[in-house]
Amino acid sequence: MGSGIYNKPIAFALTATVVILIGTVVTMFYPMLTPEMHPKLENLKPFTALQLAGRDIYQREGCVNCHTQTVRPLKTEVLRYGEYSKAGEFAYDRPFLWGSKRTGPDLARIGGKYPDAWHYKHFEKPQGMFPQTNMPAYAFLAKNKLDPAEVEAHMKALDFPYTIEELSALGSKTDMDALVAYMQVIGTAVKKTAPVAAAGGVKEVHFPNPLADNPQAIAKGKDLYAKNCASCHGDNAKGDIGPSLVDDEFFYEKGDMPDDDYFEVTNNGTSEGYVEDGRTGKGGMPGFKDSLSKDDIWSIVAYLRSIKGK
Amino acid sequence: MSDYQYDNQTVKGFIVSSIFWGVVGIVIGLLISIQMWKPETNFAPYFTFGRLRAVHTNGLAFGLGVGAIFGLSYYIIMRLAKRPLLFPKLARFQLYLFNVGILLAAVSLLMGQTQSLEYAELEWPIDLAIVILWVMFAINVFGTIIKRKEEQMYISLWYIIATTIAVAVLYIVNNLSIPAGLTKSYHLFAGVNSANVEWWYGHNAVGFVFTTPILAMFYYFLPKSTGIPIYSHRLSIIAFWSLVFAYLWTGAHHLVYTPLPDWIQTLGIVFTIFLIAPSWGSVVNGYYTVGTDWSKMNTNYLTKFFIMGITFYGLQTVQGPTQGLRIVSQLIHYTDWVPGHVHMGTMGWVTMTTAASIYYVIPKIYHTEIYSEKVANIHFWLVLIGQLIFSITMWITGIQQGALWKATNADGSLKYTFIETLTKNYPYWQLRTVGGLIFTVGMLFFIYNIYMTIRKGSLAEAKA
């Protein structure tokens with residue numbers, strides 16, 4: 001670094017370029033040439049036309065400004081959101097949408113967590129489900145029709161496979177339909193661990209509610225119900241997206257079930273074909289084993305029993 | 001040395017344009033800060049947080065930041081090269097294209113046309129316009145420096161040259177995309193690779209837009225305003241080369257604990273820690289410069305802007321590397337701590353230093369004195385208080401968020417639902433809006449002062 005360079009602008013600029021490029025080459029260009037930067041999970045599929053249209057809307061509305069899509073391998077993060085993110089999940093993500101800020105929750109494992117109806121209701125009016133949320137309403141998405149020609153151009157640009165039928169079906173779909181379809185595919189290439197087998201999952205509990213008729217537990221259960229359950233089962237538990245919890249049916253069959261079945265379903269969640277005491281569920285219920293303690297869940301059951309038939 | 005010779009009109013044009021876009025960006029910033037705690041203030045589809053946030057960041061980074069960088073770099077280059085710009089008409093055309101480009105950029109973002117890459121949201125047609133703008137800038141930067149009439153290139157020119165080169169490389173590579181229509185494209189890079197390219201760009205956008213050109217201003221205008229030469233030329237040489245070397249390695253500290261290969265994360269963290277040294281090289285150089293005569297803090301109203309600015313730069317460049325450490329990142333990443341950090345840099349360092357530079361330049365090119373030092377002092381204290389409220393509230397709520405997300409019950413289950421962790425931010429977000437308001441009022445004092453100075457100057461010229 002002799003003094004000469006400071007009165008020779010071209011030599012100075014060339015030196016600066018080389019100095020700038022060293023870190024660039026080592027941390028950015030070189031990794032690009034290695035297979036570890038291009039992994040792909042075996043069961044990862046390209047987006048369908050409807051899913052890609054949904055992803056485009058996710059981009060357009062700037063969802064990435066408030067929602068991340070990457071679960072870090074930290075204990076509480078895996079508890080809250082699910083399996084931590086794998087490099088091979090994102091091979092078709094152009095660009096990546098990991099985000100940098102969680103004003104809202106991470107969405108890396110949102111696919112399949114709730115039924116479609118939950119998302120429609122939530123996008124329409126988030127405050128209807130979570131009165132204190134700061135998420136803006138996206139009701140207008142249900143009014144915009146998709147343009148199949150535009151989606152086709154996007155599919156072509158990305159070289160994703162599609163069929164003519166798939167495209168023509170888009171004509172009757174809205175931005176909202178597309179965004180929900182995208183929500184439901186995010187993070188699904190990583191196999192969900194079966195709820196019952198998961199750590200903390202409970203199988204065949206057979207004992208009565210230890211907190212039954214306990215007034216304190218009922219009061220606590222009421223509060224927990226409002227925070228965790230009311231958005232799907234309604235404020236009075238008479239059902240909305242999810243079924244009524246105070247009628248005489250369970251898993252769409254007549255005849256209620258004992259407390260411990262309520263506990264199991266709440267604790268484990270359900271997926272399609274989930275069987276509880278010989279009855280088959282449709283799935284769609286998230287499990288609460290990670291966010292609620294056992295006492296919490298028993299309290300909710302005690303609360304539900306206390307309002308039953310009222 | 002007439003006005004014509006130094007092409008002050010173009011310099012003034014860039015400064016006034018940058019102030020205009022700054023007002024737009026700051027007002028939108030206020031609105032989105034309210035949207036954080038009052039969702040009814042989202043007006044779909046064009047004025048939701050999701051779309052406006054990019055208008056805020058781009059408006060301020062490219063409108064206020066790059067606009068001021070163009071204007072002040074030209075001012076500095078002409079003085080240090082002791083000659084007018086080599087292509088004055090090109091610079092004038094660049095000014096017009098700049099304003100058209102920023103306007104189109106803002107409209108396109110409101111329309112939802114975005115690449116979803118932070119600080120590289122703009123779609124490919126506008127990217128092309130920006131590349132053209134930058135080439136115009138580079139032609140005048142290099143042309144004028146090569147044809148200079150002063151042999152030695154002063155420190156500020158090194159930083160301007162490095163900025164010109166680095167921004168070109170960063171911007172072009174990260175914006176490579178597959179066009180899928182006039183207003184839509186997909187990143188050429190996918191998944192993990194897309195993330196790595198974007199944050200190599202994203203962090204260095206901070207390095208070469210919010211750091212190196214601002215240091216060029218600092219090294220030029222601090223000695224000019226105080227009349228004290230820079231303390232150590234040798235220190236500035238070491239700081240310069242180690243800064244531009246180390247910056248490019250550090251992008252991955254934005255991707256700690258993501259699926260990006262660990263070795264890239266670790267390298268990123270290591271170089272981020274190293275970056276404290278060159279950053280503080282400039283901080284120390286600034287302190288020691290004024291340290292030869294601290295009375296300048298009282299007697300020269302601009303000195304405190306520069307010293308407070310470089311102080312926030314110093315704090316920023318210690319806080320940033322700390323955040324890169326895995327143990328810290330896992331607590332504060334994805335929380336409001338990060339906007340708190342960013343705004344200390346942008347409101348404390350970049351805006352403070354740029355405003356002081358403009359205070360120096362405008363009276364010079366209008367052959368007059370500043371309209372009111374008193375107004376400048378009010379401006380100083382208001383932006384300082386506003387920025388501190390902003391940053392400190394965000395640090396507190398950021399740590400709170402991180403801690404609540406991690407809190408577990410005795411049986412290992414999570415203690416708080418997400419919505420519970422969210423609502424605890426509201427009081428802090430409201431305070432942040434108050435801080436932003438105070439900052440905005442401070443900036444209005446600045447604009448008033450500049451406006452009155454220009455008016456005074458024009459009148460003086462008319463009389464002459």
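Buried area is the accessible area that two parts lose on being put together, summed over both. Keep that in mind for the first stop in this predicted model.

Select chain A and chain B together. Between them they bury about 7700 Å², and 66% of that area is on carbon and sulfur atoms. On chain B, highlight Tyr186(B), Trp241(B) and Tyr334(B): these supply 11% of the area that chain B buries against chain A, more than any other three residues.

Next, select the residues in contact across the interface. There are 93 in chain B and 87 in chain A.

Now look for charged pairs. How many salt bridges does the rule find across the interface of chain B and chain A? There are four. To see a salt bridge, select Asp56(A) and Lys184(B), whose side chains meet at 3.5 Å, N to O.

Turn to helix 7 of chain B, residues 191–209. With 10 residues, helix 7 gives the most to the side of chain B that touches chain A. Sorted by class, that side of chain B has 57 nonpolar, 25 polar and 11 charged residues.

The last stop is within chain B. Select helix 2 (residues 8–35) and helix 15 (residues 337–365), whose axes come within 11 Å and cross at roughly 140 degrees. The crossing is left-handed. From helix 2 of chain B, show Asn8(B), Val11(B), Lys12(B) and Ile15(B); from helix 15 of chain B, show Ile358(B), Val361(B), Ile362(B) and Ile365(B). These residues make the contact, and they divide into six nonpolar, one polar and one charged.

How values were computed
Residues are numbered from 1 along each chain as its sequence is written. Chains are lettered from A and ligands numbered from 1 in the order in which they are written. This is a predicted model: local features need pLDDT of at least 70, side-chain atom pairs count only at pLDDT 80 or more; totals for chains, interfaces and linings use all residues. Side-chain values use heavy atoms; hydrogens and water are left out. Contact means heavy atoms within 4.5 Å. Buried area is the accessible area (1.4 Å probe) that two parts lose on being put together, summed over both. Helices (H or I, at least four residues) and strands (E, at least two) are DSSP runs, numbered from the N terminus. Ala, Val, Leu, Ile, Met, Phe, Trp, Tyr, Cys and Pro count as nonpolar, Asp, Glu, Lys and Arg as charged, and the others, Gly among them, as polar. Axes are lines fitted to C-alpha atoms, for helices over the stretch in contact, and angles run from 0 to 180 degrees between N-to-C directions. A crossing is left-handed if the near helix is turned anticlockwise from the far one by less than a right angle, and right-handed if clockwise.
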